[in-house]
Amino acid sequence: MSSTLYRVRESFPDAASALARARAIMRDLADWSTVPWPQLEPISTAEQYAYALRSFVTARMVADRDPVVVFPFLDELVRRDAIAFDTKQPKSCLTANLHLSPGLADLWPLPEGVMLSLDTTLPFGTPESEAEDDATEEELDQMVSVLGPLSLDVSWDCGWRGLSESKNCGMQLCLNTVWAEQTSELSLGEFGVWIRLGARVAWTPEGEAWRRDSGLALGEPQQG
């Protein structure tokens, strides 16, 4: 079953403020919550790329096996001694560790078919990290402290106090992103907190009463 999301109508000056507000809402309105599940979005803007080059040591690169567009780009990275390929490669693409430095600034924009992410770079993860891995609250604090213009979405499952059904209920935190139809989209400088209610309660009198009694100013519902 899907869920319904309601944005908390508050503005936040930075990622840390939005994170603090999300935690406060869960503390005040939830009987329980799970550990956070953070999802760092790939680098997609010149600002994010420049920030990564000056702030981190390595990044994870995934590239299409395109001999016309991608291979010359990879050859240039090899020439600059900036890339190390995995020994085991998937058949559909190439994966590599990119050694970041300001000297790579002239390579933006990346060619089509090349994806660069910091999700296996501390504090966001390690080379052994998987996309479905959760984090501790302390690890999340570290991620937010160095987030800069990077985009991070964080989910918690919650048992909202006063609701008889907790399936698909929780909290969604969008940092440098905004929630759109069933997904998040890049929006640098925007930090949002969202309440998630499961389909079994979202449109019931019980769910309507909970939203009213929560004391939160909530926006229009969106599909989660």
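Where does D81 lie? I looked it up in the predicted model and found D81 in the loop between α3 (70-79) and β5 (83-85).

**Entry 1: positive phi**

I stayed with D81 for its backbone. Its phi is near 55 degrees, which is positive, and the residue is not glycine. D81 is exposed, at a relative accessible area of 64%.

N176 belongs to strand β9, residues 170-180. Is N176 buried or exposed? It counts as buried, because its relative accessibility is 3% and the cut-off for buried is under 20%.

**Entry 2: cis peptides**

Next I went through omega. W108 and P109 are joined by a cis peptide bond, with omega about 5 degrees. I placed P109 in the loop between β6 (93-99) and β7. The bond from L122 to P123 is cis too, with omega near 5 degrees. P123 sits in the loop between β7 and α4.

**Entry 3: D153**

D153 is in strand β8, residues 152-160.

**Entry 4: the largest pocket**

I ran through the pocket next. The largest pocket holds about 570 Å³ of space. How many residues line it? The lining has 27 residues, and D119, F124, S129, E130 and A131 are the ones nearest the centre. I checked which elements contribute: β3 (37-40), β7 (114-117) and α4 (137-145) each give the lining at least two residues.

**Entry 5: the whole chain**

Last, I zoomed out. I counted six helices and 11 strands in the chain. The C-alpha trace spans about 65 × 35 × 25 Å along its principal axes. Of the 224 residues, 46% are buried. I also noted the contacts with a separation of 6 or more: 71% of them are between residues 24 or more positions apart.

Note on methods
Residues numbered from 1 in each chain as written. Predicted model: local features only at pLDDT ≥ 70, side-chain atom pairs only at ≥ 80, totals over all residues. Heavy atoms only, no water. Helix = DSSP H or I, 4+ residues; strand = E, 2+ residues; numbered from the N terminus. 1 Å grid on protein atoms, 1.4 Å probe; cavity = no way out; pocket = protein on both sides within 12 Å on 5 of 7 lines; lining within 4 Å. Points joined across faces, edges and corners; volume = space filled by probe spheres on them. Buried < 20%, exposed > 50% of the residue type's maximum accessible area, 1.4 Å probe, protein only. Contact = heavy atoms within 4.5 Å.
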